[in-house]
Amino acid sequence: MSQNDNQRAWQADATFLKSSRGIMKVAEMVTLFVAFVCYAVASSPKYLAATALEFLITLLLLLLYLLKLNKRISFLFWPIVDVFNSVFAAVYLIVLSLMALTSYSVTGNLVGGVVCLMSAGLLFVDSYILFKKITFNKLRKERQNQINE
């Protein structure tokens, strides 16, 4: 592989950031970061760790699609991994935010709980849209092209 091919292989896919899925991932990260900051201000380590972990997972998935690593690491079907992460994270964040909302003693917990609920909603919408695009009866390349649109 020449140096030019290597540089081209690591270029970011700017069109992904402009797509509906890219915008959804960025919106999820923004809401998770805001919830993280709210919980940090409120000094709530149990809520802080969960939002930080989901922020990092979402960031890694965004980088995976942005750098087109999903095409290089092909032993996993990444859209299904993304759907499972989104569904489980949304359920977990709903439980977490309801706990924060019902037992808040600091305003940061209240705001963090509301923003966490917004993030869970975004995660559910993301998983629904992605799952709707996945078809299991097409060839792998056709599936990848349809999902990346």
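The following dialogue discusses how to read several features of this predicted model.

Student: What conventions apply to the model and its numbering?

Tutor: The model is predicted, so local features need pLDDT of at least 70 and side-chain atom pairs count only at pLDDT 80 or more, while totals for chains, interfaces and linings use all residues. Residues are numbered from 1 along each chain as its sequence is written, and side-chain values use heavy atoms, with hydrogens and water left out.

Student: How many helices and strands are in the chain?

Tutor: Helices (H or I, at least four residues) and strands (E, at least two) are DSSP runs, numbered from the N terminus. Here the chain has 8 helices and 0 strands, and its elements run α-α-α-α-α-α-α-α from the N terminus on.

Student: What share of the contacts with a separation of 6 or more comes from residues 24 or more positions apart?

Tutor: A contact means heavy atoms within 4.5 Å. In this chain, that share is 74%.

Student: Is Lys25 buried or exposed, and which residues does Lys25 contact beyond its neighbours within four places in sequence?

Tutor: Buried means under 20% relative accessible area, exposed over 50%, and partly exposed in between (1.4 Å probe, protein chains only). Of the 149 residues in the chain, 39% are buried. Lys25, in helix H3 (residues 20-41), is buried, with a relative accessible area of 1%. Its contacts beyond those neighbours are Thr58, Leu61, Leu62, Asp82, Ser86 and Asp126. A polar contact is a pair of N or O atoms within 3.5 Å; within protein, one must be able to donate a hydrogen and the other to accept it, and residues adjacent in sequence count only if both atoms are side-chain atoms. The side chains of Lys25 and Asp126 form such a contact at 3.1 Å.
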